[in-house]
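Subject: Structure handover

Hello,

Please take over the structure below. My notes come after it.

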Amino acid sequence: MAEHEIRDTSDLIPLQPDRNIALELVRATEAAAIRSVPFIGRGQKELADGAAVDAMRAFLATVEFDGRVVIGEGEKDRAPMLFNGESVGTGRGRAYDIAVDPIDGTSLTAAGRNNALSVIAMAPRGAMLDASSVFYMDKIVTGPAGHGVVDIRKPIGENIRALAAALGKPVEEMVVSVLDRPRHEQLIADIRETGAGTRLMSDGDVAGGINAARHDARTDMCVGIGGSPEGIVTACAIKALGGFIQGRLAPLDDDERQRAIDAGLDVDAVLSADELVTSDDTIFVATGVTDGALVEGVHRRGGYLFTESVVLRGHSGTLRRISSEHLESKWL
């Protein structure tokens, strides 16, 4: 490059706001996680969720963007929520759709168990599938090796054996995460019938999917029916991890199926990551509420609150960890 030649960096400018917004979103998930602390292990999941929602909403209001909640959490159990269609942010700057889960794992928080997270996912306006008319989604998530290998339409045993071959490991060493629900009794039995092991999750659908997609994961696959909001959120994270996800809407009854059809959704379609979120310009942030495999939970020590968060950006394919110290007197 000549001494006085000026490099054209205009193509880099659009990326800068994403980085700034990602850090701002961390402040919102940190706030939600910290506000949940007084309710950890107290058996009051709705109070924990309400505190997290209020904190997340307050911090999102300060972020310089035009945000719209495409899919939120709360309707299915009448819990507090950031409602679908709610506007967040200052209203200035780029327009984004967001999916929020102030606490992914309210039952885990109430019981004081591991793997509760505060989560936000974001993509450009119109990129996220609006699946708000259907509360649940059947999902399969793996790491990069699952591409072209597994398919949600195939029997679980066939998928486990195919993925094991792709990973070069015995089926007996495979570990599959599944939500521990009565609806999954046969699925769990079928997994164990192959010789693979299960990791049963009492809650925490998002963490289960992300942990299965990571390159250093202790689980190889996450399957089963969980929340549709969690499916959208997980897809945003998968974009950064290079992992594999498929989803299929799971209406509870004929009325919900009809509502989905009326909303223009194909309830029988198998949805890829690119159909769940049509852009690679995704941001996923999560802060630990309780300790887990993905991040540590909030810890109180010596007048400080310690938080750990992750930021995943689909555009750059990066995962960053952020450890923060907060003066306890400012929060609790």
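First, the ground rules. This is a predicted model, in which local features need pLDDT of at least 70 and side-chain atom pairs count only at pLDDT 80 or more, while totals for chains, interfaces and linings use all residues. Residues are numbered from 1 along each chain as its sequence is written, and side-chain values use heavy atoms, with hydrogens and water left out.

**Strand β5**

Helices (H or I, at least four residues) and strands (E, at least two) are DSSP runs, numbered from the N terminus. Strand β5 covers residues 136-142. Five of its seven residues are buried, so β5 is largely enclosed by the rest of the structure. Buried here means under 20% relative accessible area, exposed over 50%, and partly exposed in between (1.4 Å probe, protein chains only).

β5 has two partners to look at. Strands pair if DSSP finds at least two bridges between them. β5 runs antiparallel to strand β8 (residues 221-227), with seven bridges. There, V141 sits opposite C222. β5 also runs antiparallel to strand β9 (residues 244-249), with six bridges. T142 has F244 of β9 as its bridge partner.

**The second largest cavity**

There are two cavities of 30 Å³ or more. A cavity is a set of points, on a 1 Å grid over the protein atoms alone, where a 1.4 Å probe fits but cannot get out; lining residues have an atom within 4 Å of a point. Grid points are joined across faces, edges and corners, and a volume is the space filled by probe spheres set on the points.

The second largest cavity has a volume of about 90 Å³. Its lining has 13 residues, with K139, D205, C222, V223 and G224 nearest the centre. β5, α6 (205-213) and β8 each give two or more residues to this lining. β8 gives the most, with five. By class, the lining has six nonpolar, five polar and two charged residues. Ala, Val, Leu, Ile, Met, Phe, Trp, Tyr, Cys and Pro count as nonpolar, Asp, Glu, Lys and Arg as charged, and the others, Gly among them, as polar.

**Strand β11**

Strand β11 spans residues 283-288, and six of its six residues are buried. I283, V285 and T287 point one way; F284, A286 and G288 point the other way. Six bridges pair β11 with strand β4 (residues 117-124), antiparallel. A286 is the bridge partner of V119. Five bridges pair β11 with strand β13 (residues 304-313), also antiparallel. V285 faces V311 there.

Over to you.

Notes
1 Å grid on protein atoms, 1.4 Å probe; cavity = no way out; pocket = protein on both sides within 12 Å on 5 of 7 lines; lining within 4 Å.
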